[in-house]
Amino acid sequence: MTNGTGKSETPSCLQLRTLWGSFEIKNSRLAKTMLNQFARKSMQKNVTEFDLWADKFEQLALYFMAFHGQETLDNVFEAMLHAVYVHDIEHVIVDNLQFMMGATNFKTIHDRIVKQDQLIEGFRKFSTSHDCHVTLVVHPRKEMEGQELTAQSIYGGAKASQEADNILILQNNRGKSGLLQGKKYIEIVKNRYDGDLGIVPLSYDKDSQSYVKKERAKGDNTVGATTTKKTGKAAAAFAAAKPSTFTGAATDGATEDEDEDQSLTNRIVI
């Protein structure tokens, strides 16, 4: 899924046996955030419940790569392949593509784009060959202020959006007009197999460090609420994505409110 700088993008994907490759955030910090999200409350404020929720969290079919920062594609694929055969992994998350590539060893921007396209092609082949869903988190290009992200906002060439079966963007509508003014929402801009597109308004819960779907109030007939209802099916489909599909995301790079977790950056998920 996609989001802007400073936002949490931990998805509701744990129905599947999931391997998480966090190249930007250390696993210890990521697990701390995920535990709060899993419990839907702050463990710092509910220390007496920590053992209870930690034991439940350990029962999840969730695994982590032992990588952080720049890493070679061969090493990442070797870890993914091992996890698929040994742990029957159904879903791999790579967060994020740019951190995995690193910022060195590229003479020109063109060389970097070519390398990124090669990586995306590799992930696509892995997904198809091993019947495994792959979610890539990708930084977007810098757009003009006030301009929303689109599928064309993904940094690099067009291969990322072409290869992806699904593209989700976490949009920041701050400073814009309309019913969603100042709000954040998930926008589904590509859905190859189901076809449903649309937006899902979100609310941020500080204690659980999570974005949650903004429920429609009883008797609320506003356009924003109606949009949420119409796209609910599509959002659920992405939350429990089937194997052998390839999902991507991009982020808007906007800063978060002070009460939101500043450690997690916003991205596009493809």
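The model is predicted: local features require pLDDT of at least 70 and side-chain atom pairs count only at pLDDT 80 or more, while totals for chains, interfaces and linings use all residues. Residues are numbered from 1 along each chain as its sequence is written, and side-chain values use heavy atoms, with hydrogens and water left out.

**Stop 1: helix α2**

Select residues 50-58, which form helix α2. Helices here are DSSP runs of H or I with at least four residues, strands are runs of E with at least two, and both are numbered from the N terminus. Within α2, display Trp53, Ala54 and Phe57, which are buried; buried denotes under 20% relative accessible area, exposed over 50%, and partly exposed the range in between (1.4 Å probe, protein chains only). These residues cover an arc of only 105° around the axis, and therefore lie on the same side of α2. The arc is taken from the directions from the helix axis to the C-beta atoms. An α-helix has 3.6 residues a turn, so residues three or four places apart point the same way.

Then turn to the face of α2 directed away from its buried side, where the exposed residues Asp51 and Glu58 are located.

**Stop 2**

Select Leu81, Tyr85 and Val86, a nonpolar patch on the surface with about 300 Å² of accessible area together. Patches consist of residues with over 30% relative accessible area and no salt bridge; like charges are joined within 9 Å, and nonpolar side chains (Val, Leu, Ile, Met, Phe, Trp, Tyr) within 5 Å. The areas come from the Shrake-Rupley method with a 1.4 Å probe, and for residues only the protein chains shown count as cover. Tyrosine 85 belongs to helix α3 (residues 73-87) and, at 61% relative accessibility, counts as exposed.

**Stop 3: the loops on either side of β3**

Move to aspartate 88, in the loop between α3 and β3. Its phi is near 55°, a positive value in a residue other than glycine.

Continue to the bond joining aspartate 95 and asparagine 96, which is a cis peptide bond with omega about 0°. Asparagine 96 is situated in the loop between β3 (91-95) and α4 (97-101), and its relative accessibility of 0% means that it counts as buried. Its side chain reaches the backbone nitrogen of phenylalanine 99 at 3.0 Å. A polar contact is a pair of N or O atoms within 3.5 Å; within protein, one must be able to donate a hydrogen and the other to accept it, and residues adjacent in sequence count only if both atoms are side-chain atoms.

**Stop 4**

Select glutamine 116 in helix α5 (residues 109-129). This residue counts as buried, at 0% relative accessibility. Its C-alpha atom is separated by 8.2 Å from that of glutamine 98, 18 residues apart along the chain.

The structure holds five salt bridges, each defined as a side-chain nitrogen of Lys or Arg within 4 Å of a carboxyl oxygen of Asp or Glu. One of them joins arginine 124 and aspartate 165 (3.3 Å, N to O). This pair links distant parts of the chain, 41 residues apart: arginine 124 is in helix α5, and aspartate 165 is in the loop between α6 (159-163) and β5 (166-172). Both residues are buried.

Aspartate 165 also meets arginine 192 in a salt bridge (2.7 Å, N to O). Arginine 192 lies in the loop between β6 (184-191) and β7, so this pair ties together parts that are 27 residues apart in sequence. Arginine 192 is partly exposed, with a relative accessible area of 39%. Salt bridges that share partners join Arg124, Asp165 and Arg192 into one network.

**Stop 5: the β7-β8 loop**

Finally, display aspartate 207 and lysine 45, whose salt bridge has its closest N and O atoms 2.9 Å apart. Aspartate 207 lies in the loop between β7 (198-205) and β8 (210-213) and lysine 45 in the loop between α1 and α2, so the pair ties together parts that are 162 residues apart in sequence. Aspartate 207 is partly exposed at 32% relative accessible area, whereas lysine 45 is exposed at 61%.

Glutamine 209 is also found in the loop between β7 and β8. It has a positive phi of about 55° although it is not a glycine, and it is buried, with a relative accessible area of 15%.
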